[in-house]
Amino acid sequence: MRILVIEDETKVGCFIRRALEEESYAVDLCEDGAKGLEMALHTNYDLLIVDLMLPSLSGLDILKGVRQAKIQTPILILTAQSQVDQRVKGLDAGADDYLTKPFAIDELLARIRALLRRGSTESPGVLQIDDLALNPATREVTRGSQRIDLTLKEYALLEYLMRHTGRVLTRPMISEHVWNQDFDTFTNVIDVYVNYLRNKIDRGHSKKLIHTIRGSGYMLKVD
Amino acid sequence: MPLRVRLTLWYGTALALILIIFSTILYLVTARSLRDAVDESLEETAAAAVRSLEERGFLPLIDEDELMSQFPELARIDKFFQIFSPSGTITIRSPNVKQQEMPLSRQALEVAYSGRSLLEFAKYPKEPALRLISVPIIYRGNLLYIIQVGTSMDSVEETLNRLLLVLLVSMPIALAVSLAGGWFMAGRALRPVDTITLAAQRIAGGDLTQRLTVPASADEIGRLTNTFNAMIDRLETSFRQIRQFSSDASHELRTPLTVMKGETELALRRPRETDDYKVVLESNLEEIDRMTRIVDELLFLSRADMGEVKMERLPVPLDTLIEDLHRQASLLGQERNIQVVLRATTPAVVLGDELRLRELFLNLLDNAVKYSRPSGAVDIALMIDQTHARVSVTDHGIGIAQEDQTRIFDRFYRTDEARAHTKKGTGLGLAICAWIAESHRGRIEVQSKVGEGSTFTVMLPLAPAPAAAKRPPISSSPSSHRER
């Protein structure tokens, strides 16, 4: 899951990025409003976190710009103002949720999970395919009764695959949603990570879940 | 009681009084003139009768027919005629009094003997009120006859009664009609007041964007409306400023709290290296310092607003102060290789608080260094004119956009460029500078062009001559004498 954070307070932006990265999200951070809108319009993010008070372009304008471009990505707004009208304006301009600064990191993460869940209505809290289960809240992955330990990137990759079960996911799609903008798309890192995942999930099981679609990419499905 | 009711009642009462007085006078004058006319006609008739008798040499009258032929005016139906002997018995009378005995009154007889006429009212049973005139005819000192002419007051009474009826009926109607008119007019005149009241209630409910529609006429209501709108304008402005201030203040205070809470929570989520904790603690310390500075400056400003900041008024030699600050600013600039140059100085003494003035200029110099490009220059100049000392601090940094120049002295106002340029500012420094300048009866101005730099000029009134005379001798150089 790739998230764009638009926040002009460097320190706030940095700890949000760090917290999200520790939860295996891919994060891009932008300190300028106009540039942030540009990024939101040109990259397929899974979630936007937008501060309302920004230089060059306000958070409200970003919201309007994104929604005008018919981009339905969930947006979480951050505001340092406790006044109701700011939050109302934000929600009316197309935000899905808000947090008032200062906020608790756990709450931020919980709201992000909730917003990502909302994207596909049929998916409950726990993602499940066959006997493979992934719980985004606890980041616990199990196959059958067996617990599987994953690294951050492996987890992020698996979560992305599981949220799009039964669909072919191309390498550019995977890189766009699992890695951030610093990722070099011309390496075989994705293939390496898919192999790691195969080793941990499919090895020793007769039923394989991760499939290579030759010439296009990967798919998670039950045979 | 509502104003409309009160106005109508006042109006009604005044009108009722006028109507009553008018009607009473009308009635009395009419009654009087009608009676006078009756009396006059009686007197004329009597006088004519007397004249006729005189012409006949006061011979006794024989009968009615003779009488009537003698006095054709007596044929008039509305008057009757009686002649009494001096003893008071009727000797002759006109045909229209035949039915009834109408003896001469005692008073008339008495008056007749004294030789005067008498006008009187008489009332006989089954008869309307009568007006009688009794005229004695005296010949050579002897009372010969008493001629009495009378007429009925019927028509007069009837006229008066009709008048009274008309007045009694028309007065309440007129009063009612004009009360209704008054009620309507008062309502009409007061309707704009109701409109104002309604608008005022909405505004009191918190909607300061409401304005009253100004009537086309420049009357009292028009003026009231304009005054009211002007008042709401000012209220709205100051409310907006307060809201802006509290939202800015909340933003400035919440940001360090967000950083501290976020970084600390993040650090505590899992075990970390010692260095990681150290980074968080150092960062938090920075934020604590930032908050402390904001709180200090806010407290200073709010105490200044309450008039609780004590301000000395002692002679301060500005040139010495500026030279000292020049040295301090040069140290500030060294770090980023910024030259601080004292372009001009001249002896100048102002009355004021040296510590506050130092704070003011240091703040400006600190800003100038902060917003300069590396290896840039900051110029200081102290000049005087007849009344004021002018201290200007010029940088060649990022500059301030025209639309921001009026607002940079507002509390917590920071331009986007300033925010991006330095994260450490509180947004209160220039507000404090402006306050210090103003509390020295001076002012602070800014000239700036984006990309070229800014000049902040502080103007302070010079101390009057005796204070200037107390200057230390070292700074009164010959050049300063020439300048003065």
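This is a predicted model: local features need pLDDT of at least 70, side-chain atom pairs count only at pLDDT 80 or more; totals for chains, interfaces and linings use all residues.
Strands S8 (residues 140-143) and S9 of chain A run antiparallel and are joined by three bridges. Within that pairing, Arg143(A) has Gln146(A) of S9(A) as its bridge partner.

**Helices H6 and H7 of chain A**

- Helix H6 (residues 152-163) and helix H7 (residues 171-178) of chain A have axes that come within 10 Å and cross at roughly 120 degrees.
- At that angle H6(A) and H7(A) are therefore oblique to each other.
- The crossing of H6(A) past H7(A) is right-handed.
- On the H6(A) side, the contact uses Ala156(A), Leu157(A) and Tyr160(A), and these meet Ile174(A), His177(A) and Val178(A) of H7(A).
- Sorted by class, the residues of this contact between H6(A) and H7(A) are five nonpolar and one polar, with no charged residue.

**The sheet in chain B**

- Chain B has an open sheet of five strands in the order S7-S9-S10-S12-S11, and here the pairing is mixed.
- Strand S7 (339-344) and strand S11 (443-449) of chain B stand at the edges with a single partner strand each, so one side of each has no neighbour in the sheet.
- Ignoring direction, neighbouring strands of this sheet are turned by 15 degrees against each other on average.
- Five bridges link S7(B) with strand S9 (residues 377-384) of chain B, and the two pair in the parallel sense.
- Leu342(B) has Ile380(B) in S9(B) as its bridge partner.

**Helix H11 of chain B and its neighbours**

- Take a look at helix H11 (residues 429-439) of chain B, which lies across S11 and strand S12 (453-461) of chain B and runs at about 135 degrees to S11(B).
- H11(B) also meets helix H6 (residues 274-305) of chain B: the two axes come within 10 Å and cross at roughly 30 degrees.
- H6(B) and H11(B) are therefore roughly parallel to each other.
- Their crossing, that of H6(B) and H11(B), is left-handed.
- H6(B) brings Glu297(B), Phe300(B), Leu301(B) and Ala304(B) to the contact, while H11(B) brings Ala431(B), Ile432(B) and Trp435(B).
- The residues of the contact of H6(B) with H11(B) comprise six nonpolar and one charged, with no polar residue.

**Where the chains meet**

- Between the two chains, 19 residues of chain A are in contact with 18 residues of chain B.
- On the side of chain A that touches chain B, helix H1 (residues 10-22) of chain A gives the most, with six residues.
- That side of chain A is made up of nine nonpolar, five polar and five charged residues.

Methods: Residues are numbered from 1 along each chain as its sequence is written. Chains are lettered from A and ligands numbered from 1 in the order in which they are written. Two residues are in contact if their C-beta atoms, placed from the backbone, lie within 7 Å. Helices (H or I, at least four residues) and strands (E, at least two) are DSSP runs, numbered from the N terminus. Ala, Val, Leu, Ile, Met, Phe, Trp, Tyr, Cys and Pro count as nonpolar, Asp, Glu, Lys and Arg as charged, and the others, Gly among them, as polar. Axes are lines fitted to C-alpha atoms, for helices over the stretch in contact, and angles run from 0 to 180 degrees between N-to-C directions. Angles under 35 degrees count as roughly parallel, over 145 as roughly antiparallel, 65 to 115 as roughly perpendicular and the rest as oblique. A crossing is left-handed if the near helix is turned anticlockwise from the far one by less than a right angle, and right-handed if clockwise. Two strands pair if DSSP finds at least two bridges between them.
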